[in-house]
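Colleague: I am new to this structure. Could you show me how to read it, feature by feature?

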Amino acid sequence: MSRFNLFLLFFICGSFSSFGESKRLIYCSEGSPSFFNPQLASDGPSFDVSTEIYDRLVEFDKKNPGSIKPGLAQSWSVSKDRLSYTFKLRKNVSFHQTPYFKPSRFFNADDVLFSFNRQMKKKHPYHLVNGGAYPYFNSLAMGSLIKDIIKEDIHTVKFILNRTDATFLINLAMEFSSILSKEYADYLLEIKKPESLDFRPIGTGPFIFKQYIKDSVVRLESHLNYFHDPSRLKGIVAAIVPDTSVRFQKLKAGECHIISQPSPLNLPAMKKHSNIKLVGGKRYNIAYLAMNVKRGPFKKQKVRQAVHHALNRSLYIQAIYQGYAEVAKNPYPSNLWSYNEQVKDYEYSVEKARRLLKEAGYEKGFKTTMWTLPIARPYNPHGKKMGELMQADLAKVGIQVELISYDWPTYISQSNKGEHEMIQLGWTSDNGDPDNFLRVLLSCDSVSSGVNVARWCYPPFDHVIAKALQVISQKTRSRLYKKAQVIFKQQVPWVTLAHTYDYAAMLKKVQGYIHTPFGSKSFYTVYFKKK
C-alpha cells in the first residue's frame with residue numbers, strides 16, 4: 001500500500017485505539033472488489049464485502065455447513081413433483097438508508113422478482129447493465145431451470161421450474177441469489193444512472209455501504225435496523241493490502257484485526273505469536289492450471305496429458321504451500337462426498353510427457369503463455385513463484401512458457417473472455433455440493449458464462465452431471481459424480497494442483513469468527529473481547 005493510501009486509511013478511520021473504542025473491525029483484504037453486486041462477481045474479494053451488504057431468501061447455517069436456514073424467507077414449501085417452491089417472505093425488513101438513497105418501503109416480493117428477472121430475462125432493463133455476465137446464474141443454467149417466478153401476494157413468491165434440480169434450494173443461499181432493492185433500481189433508471197446499482201449498493205444485510213476508495217479501502221457501517229439483531233460491531237473497514245508479508249506486519253502491529261490469506265511461510269510464526277490466533281483448516285477447494293482447449297496445441301488431448309505429466313506437483317506442495325496442502329487428483333477434495341478414490345492420477349514423468357507430445361505432433365515442443373495469479377488466494381498463495389516452477393518444469397519437455405499477469409479485476413474479466421492459453425485459478429465451494437465444482441467450473445453452460453476458463457464443453461460429461469441433478473438420492477448422485485470425475489481426468493481440461501488448508505489470522509481479542517469449509521467469510525457474528 002502506498003504512503004498516500006496508508007494516509008487515507010488512517011485519515012478515514014482514525015487510529016487503531018479509536019477502532020477498539022468504536023468497535024470497528026479492520027479487515028486487511030488481499031484484493032479489490034470487482035463489483036459491489038455479487039450477481040456479477042465470481043471472486044472472493046467481491047463476496048467478502050457483498051455478503052455483509054445483502055441477504056438471500058435462505059442462508060447457510062454456518063454452524064452446520066451444508067444445511068440452510070430461513071433468511072428473507074421465513075418459511076417455504078416444495079410441491080410433490082419438486083417443480084414448485086413457494087416462499088413466505090418476512091415482513092417489516094428494512095433496506096439500507098444512505099445519503100444517496102432513502103427507501104420508502106420495506107422489502108417485499110417485487111424485490112425478489114427484480115433480483116432474479118434481471119439475471120434471467122434478456123429484455124429486462126437491467127440485464128445488460130455493467131456487462132450482464134452473471135457468471136453463477138448462467139453457469140448453473142438457472143435461466144433454463146426457472147420457468148417462471150410468480151408474485152402470489154406482496155409477501156409470497158412461487159418459483160416454478162422446468163425440471164427437477166437437487167441443488168435448487170441450496171443454490172438460493174449462494175451470493176448470486178442476493179436480493180436487491182427494486183425501488184432503488186427504478187430510481188436509478190429515472191435519473192439515468194442504472195450502472196450505480198452495482199457500485200453503490202442498497203441491501204438489507206447487517207452492514208451498510210459507506211465508501212470505496214479504489215484499491216485502498218472499503219468502509220461499511222452497522223445496519224441498526226437489521227431484521228436479525230444488529231451486529232456487535234459498529235462497522236467494518238476493509239483495507240486492501242495485496243502483499244501477504246505486509247498484511248502480516250500490519251497484524252503484528254495491531255493495524256489490522258483480521259487478515260486474509262496468510263502466507264504458509266508465516267503460519268509457524270503466527271502460531272507462536274502471543275497476540276495472534278489462526279482459525280481455519282480444510283476447505284472444499286481446488287487449485288488448478290486450466291488449459292484453453294480452444295487455443296493452439298491445447299486442442300489436443302495428448303498435449304494436455306503431457307502438460308499434466310510434466311508438472312512436479314509434489315514439489316509445489318513444499319515450495320509453495322510449505323506442506324499445508326495435498327496434491328489434487330480430482331476436481332474437488334476427498335472430504336467432499338462422492339470423491340472418486342479409484343481415479344488414476346497422472347504421475348510426474350518427463351519421459352511420458354515427451355512421448356505424448358511426440359504423438360501429438362509436437363516433438364520439438366512449442367511456445368505458449370501462462371497467466372499467473374496476481375494476488376494470494378486460499379488455493380494458491382504465490383502465483384508468480386508457482387508459475388516460475390511450472391515454467392522450469394515445462395521447459396524440460398520443450399514447452400517454452402512466457403509468464404503473464406494483470407491486476408485482479410482485469411485477470412478475472414479477461415480470463416472470462418477466454419483470452420489466455422494457460423491460466424492459474426482455483427475454487428472454493430459455495431455450498432458443499434459436488435455440483436458446485438463440476439457444473440459451475442466445467443459445464444458447457446459455464447463456458448458461455450466465462451467461469452469455465454478451460455473453455456471445455458464435452459457433452460458426455462454434461463449429460464452425466466445433468467442427470468445427477470434429476471435425483472434426490474445422494475447414493476445415486478454420488479455414483480454419477482464418480483463417473484464424471486473419470487471423464488474429467490481422461491479429457492484433462494485442467495492440471496489438478498492442490499487442495500489446501502485455509503486460515504484467517506486475527507488478533508486474540510477478536511471473538512465470534514466462524515470458519516466454514518466454504519469460500520465466503522462473514523463478520524456479522526464477530527465482536528471484540530473485553531479487556
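Modeller: Start with aromatic rings. Rings of Phe, Tyr and Trp pair if their centres lie within 6.5 Å. This is a predicted model. In it, ring pairs link Trp-76, Tyr-85, Phe-87, Phe-116, Phe-159 and Phe-168 into a cluster.

Colleague: How many aromatic pairs does a search of the whole structure find?

Modeller: The search gives 32 aromatic pairs. Take Trp-456 and Phe-461. Their ring centres are 4.9 Å apart and their planes stand at 55°, so this pair is tilted. Planes over 60 degrees apart count as edge-to-face. Phe-488 and Trp-494 have planes at 80° and centres 5.3 Å apart, so theirs is an edge-to-face pair.

Colleague: Are Phe-488 and Trp-494 buried or exposed?

Modeller: Both are buried. Trp-456 and Phe-461 are buried too.

Colleague: How do I read burial for a single residue?

Modeller: Buried means under 20% relative accessible area, and exposed means over 50%. Glu-30 has 0% relative accessibility, so it counts as buried. Glu-30 sits in the loop between strand S1 (24–29) and helix H3 (44–53). Lys-147, in strand S6 (residues 146–153), has 57% and counts as exposed.

Colleague: Which side chains make polar contacts with the side chain of Glu-30?

Modeller: Ser-260 is one, at 2.7 Å. Arg-377 is another, at 2.2 Å. Beyond its neighbours within four places in sequence, Glu-30 is in contact with residues including Pro-45, Val-241, Arg-247 and Ile-375.

Colleague: What does Lys-147 touch, not counting residues up to four places away in sequence?

Modeller: Lys-147 touches Ile-160, Leu-161 and Asn-162. You can also read separation. The C-alpha atoms of Lys-147 and His-382 are 44 Å apart, and 235 residues separate them along the chain.

Colleague: Now a whole helix. Why is helix H11 described as largely enclosed by the rest of the structure?

Modeller: Count its buried residues. Helix H11 covers residues 301–310, and eight of its ten residues are buried, so the rest of the structure largely encloses it. Among the buried ones are Val-303, Arg-304, His-308 and Ala-310.

Colleague: And two helices together?

Modeller: First, the general idea. An α-helix has 3.6 residues a turn, so residues three or four places apart point the same way. Now the case. Helix H4 (residues 109–120) packs with helix H8 (residues 182–190) at an angle of about 65°, and the axes are 8 Å apart. From H4, the contact uses Asp-110, Asp-111 and Phe-114; from H8, it uses Lys-182, Glu-183 and Ala-185. By class, this contact of H4 with H8 has four charged, two nonpolar and no polar residues.

Colleague: What about strands?

Modeller: In a regular strand the side chains alternate between the two faces of the sheet. Here, strand S4 (residues 73–78) and strand S5 (residues 84–89) run antiparallel, joined by five bridges. Ser-75 has Lys-88 of S5 as its bridge partner. Five residues lie between the strands of this hairpin, and Arg-82 takes a positive phi near 60° there.

Methods. Residues numbered from 1 in each chain as written. Predicted model: local features only at pLDDT ≥ 70, side-chain atom pairs only at ≥ 80, totals over all residues. Heavy atoms only, no water. Buried < 20%, exposed > 50% of the residue type's maximum accessible area, 1.4 Å probe, protein only. Helix = DSSP H or I, 4+ residues; strand = E, 2+ residues; numbered from the N terminus. Polar contact = N/O pair within 3.5 Å; in protein donor to acceptor, adjacent residues only side chain to side chain. Contact = heavy atoms within 4.5 Å. Axes fitted to C-alpha atoms, helices over the stretch in contact; angles between N-to-C directions. Nonpolar A, V, L, I, M, F, W, Y, C, P; charged D, E, K, R; others polar. Pairing = 2+ DSSP bridges. Phe/Tyr/Trp six-rings, centres within 6.5 Å; stacked < 30°, edge-to-face > 60°.
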